Amino acid sequence: MPARFSTWQRNFLIALLGALCFTALAAENPAENPYDKFRNRSYSNRGYLSEEDEARLGAEVHEQLRKQQRFVADTALNSYIDNLGQRLASRSARPNIRYHFFVIDDKSINAFATLGGYVYIHTGLLAATQSEAQLASVLGHEISHIAARHGLENVKRAQKYSLIAGLIGVAAGAAGRTAGNIGELAGGLIAGGALMKHSRDAEREADYLGLYDLQRVGYNTGGMVEMFEILNRVGGSNPDLLGPILRSHPPASERAVNTRNEIAGYLPGSDRGGNNNSQEFQRIKARVGDLPSARRRPGLRP
Ligand SMILES: [Zn+2]
């Protein structure tokens, strides 16, 4: 790899671990509907990196990930995930950018989004799902992190709190720079501890937006509740599969409650109709079982 990446490549992983998505949420004030603040919110890149620079940074992060992770080469699996992801993205709160969906061959249960439409899902998560609606709920959540600019917010917040003078104003000055420049700037941000994990509110917002993605594409919204129940069960019986950061978070049962309440209050009946499955999903599940990760211990590296 180029020498200029070597000082911060490792920090990408640290930062991405910090950005792990399926973190559980604790209700801070049970008397309030935690989703109310997200209703009618509109999103744009105003105040953040431009969409062009965001995509460039996302591509730069992706290049680093390709060196660190084992990406699945199975064409059928990749195109299935891409197709499902694109359908959800096209009905999301941010339909007008290019999305990229990738499958990482890793037994741990995880999915994450970075910047500029880049979404990743572990085979371990695929293996844990029992329906296409559940899987779609995960992708909807990740797409929603991108729609709500959570990665961009992390970058911006890092600039704000960093005392490293060279990093201040990156967002304003980045337009027109080359991809290499932005990669170096991103490396500096990450090396400075920049890309922190999402706030609990950001995770709630991704759950909220993702639920509506699911509903708009015609999936049974109960799939999202079921997914949280699966994560909760795995957390109880086999926490190693959730990784150290996920283990340190509150149980997913609270996210299930939020989702159930939203369905009951705003999408009544959507958990009784809609699609749950497809023949393709079952076929894909069988392929996941044949991948090398199915025979390896969980972890970022074998
Ligand atoms: Zn998340």
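Predicted model: local features only at pLDDT ≥ 70, side-chain atom pairs only at ≥ 80, totals over all residues.
Visitor: Which residues of H10 and H13 meet?

Guide: From H10 come Arg 204, Asp 207, Tyr 208 and Leu 211, and they meet Arg 255, Asn 258, Thr 259 and Glu 262 of H13. By class, that contact has four charged, two polar and two nonpolar residues.

Visitor: What makes H6 roughly perpendicular to H11?

Guide: The axes of H6 (residues 132-147) and H11 (residues 222-237) cross at roughly 85°. The range for roughly perpendicular is 65 to 115 degrees, so that name applies to H6 and H11. In this contact, residues including Ala 133 and Val 138 of H6 face residues including Met 227 and Ile 230 of H11. Six nonpolar, three polar and one charged residues take part.

Visitor: Why do strands S1 and S2 stand at the edges of their sheet?

Guide: The open sheet has three strands in the order S1-S3-S2. S1 (100-104) and S2 (111-113) each have a single partner strand, so one side of each lacks a neighbour in the sheet.

Visitor: How do you know that S1 and S3 pair?

Guide: Pairing needs at least two bridges, and S1 and S3 have five, in the parallel sense. Helix H4 (residues 75-90) packs on this sheet, touching S1 and S3.

Methods: Residues numbered from 1 in each chain as written. Contact = placed C-beta atoms within 7 Å. Helix = DSSP H or I, 4+ residues; strand = E, 2+ residues; numbered from the N terminus. Nonpolar A, V, L, I, M, F, W, Y, C, P; charged D, E, K, R; others polar. Axes fitted to C-alpha atoms, helices over the stretch in contact; angles between N-to-C directions. Parallel < 35°, antiparallel > 145°, perpendicular 65-115°, else oblique.
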